[in-house]
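Hi there,

Here is the structure I promised to pass on to you. Have a look at it first, and then read on for my notes.

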Amino acid sequence: MNTFLEKEISELKDTHLYRRLKTLKKIDGVRAVFEGREVLLFCGNDYLGLSRDPRVIDAAVTTAQTHGVGSGAARLISGSTDWHARLEEEIARFKGTAAALLYSSGYLANLGILTALAGKGDVIVMDKLCHASAIDAARLSQATVRVFPHKNYRRCDEILQRNKGARTILVSDSVFSMDGDVADLEELVRLKGKHDGLLVIDDAHGIGVLGSRGRGAAEDSNLTSRIDVTMGTLSKSIGCLGGFAAGSAAMIDYLINFSRPFIFDTSLPPLLCAAASRALELVDQEPEIRMRLWKNIHKVHAGLKKAGYSLAPASSPIIPIVVGGEESALALAEALLREGILVPAVRYPTVPKGKARLRLTVSAAHQDRDIEYVIKALFRVKKHFFSDKIDPLNPFVEETVQ
Ligand SMILES: Cc1ncc(COP(=O)(O)O)c(C=O)c1O
């Protein structure tokens, strides 16, 4: 057995795909100590900085005192508290659906939704760049899985057409977690209607970020009621932990009864439900936090473009800097670490082989000086990793390089 394990690990090392855990200490918003070095974080998903908000922390602490730390059981046994019900009501209100159901994580939410909705004989049609949790869920469901090229809705249409007669479940992320781009929800809704399927949208990175009130990718187009299940997480912009399904009362009733990762999993601690409830209230009450996030996103984007990086338009806090080779991506991340910035390299299987990248993420908690610092650092390291030469007439050179 050991020989097998060692051989597999050694292959990973040879191909620059080996991973090991590294520990962060003294985390203070977007600053931390990493492997003994003070670093600026441009890598998390706490887009609004709510995980450190004193009001969110206070809600967790107060509820720990009244409800304890753990929930002690699955919801259908004795682990369903007033805080679970309150948070579900809050999520349903926030997302504009009749009901919502909590899971212990976003990963489990995807697993729970897709395995309950699809089985043998059904067809799951999904975008190639859907999150791993949706891919794993589709596999586990035993449905036939058909993948369409990223945002290629013509191919999606063809696949749905070819599978007419079967129960089809169309699945897409709203914001793609490693590319930061946004799906065309209108087109997905149209296709699900045309082929009479179900539509499941993973809004993990949309909630708190997109929409005029931060309610997610479907908010401004009024498409929520045409999406059968919106999945989301409380672990990213909401700053806590947990996942949810939001949909009709009948859908949520069905999931309560058929979704195994809900039925057989100990429920979220009430302290986290209270914290997430408070965080959702803050998204509503303080839109200026989201405005600051978007201001920061546009600043980082504009700065990196000026520094010579070619980027897709800014549509979320996720800014991928695609390097290509796994070894180069690791070296670029290492070079940034030497500059005191933590942006890990993302490699296969998180992204396709040969498309390794830095996944830079922006938070409302970043200050102007943090943003200026990361842009300058990326400018300094650029020439070692990208073949195209920096234009000496680029105004950025005069402004920032001494
Ligand atoms: C698009 C997407 N869906 C689902 C998940 C899983 O959510 P969680 O981290 O809350 O388990 C993630 C997390 O990385 C994600 O990016």
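This is a predicted model: local features need pLDDT of at least 70, side-chain atom pairs count only at pLDDT 80 or more; totals for chains, interfaces and linings use all residues.

Let's start with α11, which runs over residues 287-306. At 1.5 Å a residue, its 20 residues should span 28 Å, and the end C-alpha atoms are 29 Å apart, which agrees. Where do its buried residues sit? The buried set is made up of Ile 289, Arg 290, Leu 293, Asn 296, Ile 297, Val 300 and Leu 304. They cover an arc of only 115° around the axis, so they lie on the same side of α11. An α-helix has 3.6 residues a turn, so residues three or four places apart point the same way. Glu 288, Met 291 and His 298, on the other side of α11, are exposed. The cover over the buried residues of α11 includes β11 (318-324) and α13 (368-385). After the helix comes Gly 308, with a positive phi near 100°.

Now for α3, residues 82-95. Its 14 residues should span 20 Å at 1.5 Å a residue, and this agrees with end C-alpha atoms that are 20 Å apart. Buried here are Trp 83, His 84, Leu 87, Glu 88, Ile 91, Phe 94 and Lys 95. Their arc around the axis is only 135°, which puts them on the same side of α3. Among the elements covering them are α2 (54-67), β4 (99-103), β9 (229-233), β10 (243-247) and α10 (270-285). Gly 96 follows α3, and its phi is positive, near 75°.

Technical notes. Residues are numbered from 1 along each chain as its sequence is written. Helices (H or I, at least four residues) and strands (E, at least two) are DSSP runs, numbered from the N terminus. The expected span of a helix is 1.5 Å times one less than its number of residues. A residue is buried if 20 or more other C-beta atoms lie within 10 Å of its own, exposed if 12 or fewer, and partly exposed in between; C-beta atoms are placed from the backbone. The arc is that of the directions from the helix axis to the C-beta atoms. Two residues are in contact if their C-beta atoms, placed from the backbone, lie within 7 Å.
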